[in-house]
Amino acid sequence: MVKANLIGVVLLMEVILRFGVDGLSMQYYIMSCPFADPIIKNTVNNALQADPTLAAALVRMHFHDCFIEGCDGSVLIDSTKDNTAEKDSPANLSLRGYEVIDDAKEQLEQQCPGVVSCADIIAMAARDAVFWTGGPFYEIAKGRKDGRRSKIEDTINLPFPTFNASELIKQFGQHGLTAQDMVALSGAHTLGVSRCSSFKSRLSNVDPTLDSDFAKTLSKTCSAGDNAEQPFDASRNSFDNFYFNALQRKSGVLFSDQTLYTSPRTRNLVNGYAMNQAMFFLDFQQAMVKMSLLDVKEGNKGEVRENCRKIN
């Protein structure tokens with residue numbers, strides 16, 4: 001199965017490299033901004049050396065960007081007096097790492113003005129954050145254009161932490177992602193933390209899917225308030241398969257985490273990833289490549305923002 005998935009990743013990469021997807025290609029900046037990759041990688045690495053917790057933030061930012069209006073950098077746009085943008089939605093208030101994207105963009109504008117999109121920077125930063133934390137390296141096509149729309153009401157399309165497996169499968173399916181893709185992408189929760197406000201509803205009644213000792217841990221966390229943070233697994237800054245091991249122990253932090261093990265539709269995937277980290281890494285690579293291509297904008301459907309926080 002691992003071998004088959006590896007072949008799938010290689011074939012997908014080959015198609016993108018040769019033909020591109022919606023005008024995207026691996027070599028998109030080879031002539032126009034040849035140092036784009038190392039500039040972004042160095043910026044991300046320096047930021048993570050100073051604050052390793054930003055790795056989870058950058059991966060989460062990429063996901064929240066792609067699920068709303070496609071991977072178009074719309075999550076970066078600041079609100080104005082006439083428009084409340086995505087980033088000010090309750091679902092996005094805990095997003096961090098905007099300054100890392102700004103830093104990379106500033107350097108790129110000095111090297112090659114008006115060439116590298118903010119959407120590409122987010123996608124590449126997430127890729128580099130995964131690798132920096134010990135996860136797999138995967139390559140992505142470039143050439144996304146930045147979107148011109150960012151509205152708070154669109155964030156209703158983000159998954160809720162109370163979703164069950166069927167609801168998650170349906171929502172990811174609307175973006176062309178399979179149940180396997182969904183479970184693999186959920187494995188990004190091997191990085192980072194959740195705030196009490198996202199899981200405290202599990203503590204008000206006895207939750208049979210929640211280990212009783214872990215419930216006490218979550219209750220203790222929440223005693224410090226809604227913004228108190230609970231790591232998703234025991235290695236919050238390392239990309240590994242510990243998240244899936246936690247689900248097997250009924251120690252998933254969010255209901256939407258634990259449901260992956262509770263549901264017969266996804267339990268085998270959780271068990272497979274818990275047992276075989278290499279298989280998780282391969283499926284995660286493939287799913288991230290697919291997600292990074294969601295509803296990309298090309299040509300006059302988008303722009304390359306001069307400042308990632310505002311439309312040109």
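## Close-up views, one legend at a time

View 1. Gln-230 has its place in strand β2, which covers residues 229-231. Strands here are DSSP runs of E with at least two residues, while helices are runs of H or I with at least four, and both are numbered from the N terminus. What you're looking at is a predicted model, so local features need pLDDT of at least 70 and side-chain atom pairs count only at pLDDT 80 or more, while totals for chains, interfaces and linings use all residues. Residues are numbered from 1 along each chain as its sequence is written, and side-chain values use heavy atoms, with hydrogens and water left out. Is Gln-230 buried or exposed? With a relative accessible area of 9%, Gln-230 is buried; that word means under 20% relative accessible area, with exposed being over 50% and partly exposed in between (1.4 Å probe, protein chains only). Leaving aside residues up to four places away in sequence, Gln-230 touches Val-193, Ser-194, Phe-199, Phe-214, Thr-217, Leu-218, Thr-221 and Val-253. Touching, or contact, means heavy atoms within 4.5 Å.

**View 2. The disulfide of Cys-196 and Cys-222.** The sulfur atoms of Cys-196 and Cys-222 sit 2.0 Å apart and form a disulfide, a term used here for cysteine sulfur atoms within 2.5 Å of each other. The torsion about their S-S bond is about 115°, so this disulfide is right-handed. Cys-196 lies in the loop between β1 (193-195) and α8 (212-222), and Cys-222 is in helix α8, so the pair ties together parts 26 residues apart in sequence. Both Cys-196 and Cys-222 are buried.

**View 3. The disulfide of Cys-33 and Cys-112.** How many disulfides does the structure hold? There are 4, and one of them joins Cys-33 to Cys-112, with an S to S distance of 1.8 Å. Cys-33 is in the loop between α1 (2-19) and α2 (36-50), while Cys-112 is in the loop between α4 (98-111) and α5 (118-132), so parts 79 residues apart in sequence get tied together. Cys-33 is buried at 3% relative accessibility, and Cys-112 is buried too, at 6%.

**View 4. The disulfide of Cys-118 and Cys-308.** Here the sulfur atoms of Cys-118 and Cys-308 are 2.1 Å apart and form a disulfide. Their S-S torsion is about -95°, so this disulfide is left-handed. The pair links distant parts of the chain, with Cys-118 in helix α5 and Cys-308 in the segment after α12, 190 residues apart. Both Cys-118 and Cys-308 are buried. If you number the bonded cysteines in sequence order, the pairing runs 1-4, 2-3, 5-8, 6-7.

**View 5. Aromatic pairs.** The structure holds 15 aromatic pairs. In one of them, the rings of Phe-160 and Phe-163 have centres 5.4 Å apart and planes at 50°, so that pair is tilted. Phe-160 is partly exposed, at a relative accessible area of 38%, whereas Phe-163 is buried at 15%. The rings of Phe-239 and Phe-280 have centres 5.6 Å apart and planes at 5°, so this pair is stacked. Phe-239 is in the loop between β2 and α9 and Phe-280 in helix α12, so the ring pair links distant parts of the chain, 41 residues apart. Both Phe-239 and Phe-280 are buried. The rule behind these labels: rings of Phe, Tyr and Trp (its six-membered ring) pair if their centres lie within 6.5 Å, with planes under 30 degrees apart called stacked, over 60 edge-to-face and the rest tilted. Ring pairs also link Phe-239, Tyr-243, Phe-244, Tyr-273, Phe-280, Phe-281 and Phe-284 into a cluster.

**View 6. Helix α11 and its cover.** Which residues of helix α11 (residues 267-275) are buried? They are Leu-269, Val-270, Gly-272, Tyr-273 and Ala-274. Their cover includes α7 (179-186), α9 (242-248), α10 (255-262) and α12 (277-291).
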